Amino acid sequence: MVKEHGWYPYEFQSGTTVAVAGDDYVVVASDTRLTENYAIQSRTHSNVYKMHNNSLLLSTGFLGDVLTLKKTLEGRIKTYEYTHSKPISTPALAQMISIMMYGRRFFPYYTNTVITGLDTDGKGCVYAFDPVGSMTKQLYACEGSAMPLILPILDARILGKNTSNPGHVKRTKEETVTMIKDIYMAACERNVELGDGVVIHTLTKDKGIETDVHPLRKD
Amino acid sequence: MGDDIMSYNGGVALAMKGKECVAIACDKRYGVQNRTIATNFTKIFQYGDHCFVALCGLATDVQTVSERLKFRTNLYELREQRKLKPIVLYNMLTNLLYERRFGPYFVYALVAGLDPKTGETFVYDSDNIGAISDNVNLATVGTASDFIFGLGELFFKPNMNPDELFEATSQALLNGVDRDSASGWGAIVYVIEKDKITLRELKGRQD
């Protein structure tokens, strides 16, 4: 029997990220498990990256591309700061990422990327991208391997879908953190690529980034 | 979607346990890939007083398996002169599916039931070749099952009363199918108790 050989430039190393925008905050979360097929490569790898301008980059997928995207982006942010003599805003950074990703239209970064931060008014914002740079501004986002398990929970909890009183449910940042913890605990029961721990970062104008780590099941 | 036979027609079902009650629910869509043909195609079948089966997958096999199971359960009750128990129904179903091990029916199955004397609850699931499961708290099969598992795991609490169980099951199903294009168009929910069985129809999003 002839076995076909091929070289595939991508791996999928999972990770699940959640981002929720509030009126004066942004809460982002990532699990800390890194996998390749059914092997666990790391139990302490977070998919949240703090950028120079206090934006938080969430990126899952192929770690090689995630790290390259992050490195290239850090360079672009510095160039922007030198040429414009001011830090880049999160909406401008989102536009920059979109252009960078579409620049690799025919050999894409294999990543599910979300950029979050505070806009110029201090309001939370979340921008989600597909691998080739299509961008949408969202109230909340969830990407990665457990996305099918988590996204409908966010629909129900944040938009109040399928209730007698649908609409955006406003939460304090503490309530949002608790909600995200509960969601990760539920999702890790049913997804083998999610587990070990969840890191939750809260970004506010006055306090900057606060971090909360919560253990999850390790099997 | 693509060429997968299991998601050719779409549809999903969910079963959950409460305290001396059990709920089983399904959506109503029948489609061919992206085209919706009918919106009244329910996938839950009753066999005996407190025994229900939900079948998801290829619609033609859903009908065939449900009819063949009806035939076998009828024969069982005639020959044995006693009522069907959930575990018996489950064994008959998995046996029926395994008979076609090398040319299987393209259906995943759920069995939900209750012992009317003790109030003991039963929820089982199976793949298309009849793999048996434990008696679980929560089971879901069909195109939206991944969406529903997350919600179900969050909404499930041990020892829910019938009203809480109905609410948890409905919420998990409705929010789950809203993220799936192959299922939805309303739902039905059975709540099975010792002395009564309640059927409720849910409207949900019609798209």
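This is a predicted model: local features need pLDDT of at least 70, side-chain atom pairs count only at pLDDT 80 or more; totals for chains, interfaces and linings use all residues.
Reader: How many aromatic pairs over all chains does a search of the whole structure find?
Author: The search finds nine. Rings of Phe, Tyr and Trp (its six-membered ring) pair if their centres lie within 6.5 Å; planes under 30 degrees apart are stacked, over 60 edge-to-face, the rest tilted. One of the pairs is A:Y8 with A:Y10, edge-to-face at 5.8 Å centre to centre and 75° between the planes.

Reader: Is A:Y10 buried or exposed?
Author: A:Y10 is buried, at 13% relative accessibility. A:Y8 is exposed, at 57%. Buried means under 20% relative accessible area, exposed over 50%, partly exposed in between (1.4 Å probe, protein chains only).

Reader: Why is the pair of A:Y10 and A:F107 tilted?
Author: Their planes stand at 45°, so the pair is tilted; the centres are 6.0 Å apart. The two residues are 97 residues apart in the chain. A:Y10 is in the segment before β1 (16-21) of chain A, and A:F107 in the loop between α2 (90-102) and β7 (111-118) of chain A. Helices (H or I, at least four residues) and strands (E, at least two) are DSSP runs, numbered from the N terminus. A:F107 is partly exposed, at 45%.

Reader: Which residues form one aromatic cluster?
Author: A:Y8, A:Y10, A:F12, A:F62, A:F107 and A:Y110.

Reader: New topic. What is the strand order in the open sheet of chain A?
Author: The order is β5-β6-β7-β8-β9, with antiparallel pairing. Two strands pair if DSSP finds at least two bridges between them.

Reader: Which strands stand at the edges?
Author: β5 (48-50) and β9 (135-138) of chain A; each has a single partner strand, so one side of each lacks a neighbour in the sheet. Neighbouring strands are turned by 25° on average, direction ignored. Axes are lines fitted to C-alpha atoms, for helices over the stretch in contact (heavy atoms within 4.5 Å). Angles run from 0 to 180 degrees between N-to-C directions.

Reader: Where does α2(A) lie?
Author: α2(A) lies across β6, β7, β8 and β9 of chain A, at about 165° to β7(A).

Technical notes: Residues are numbered from 1 along each chain as its sequence is written. Chains are lettered from A and ligands numbered from 1 in the order in which they are written. Side-chain values use heavy atoms; hydrogens and water are left out.
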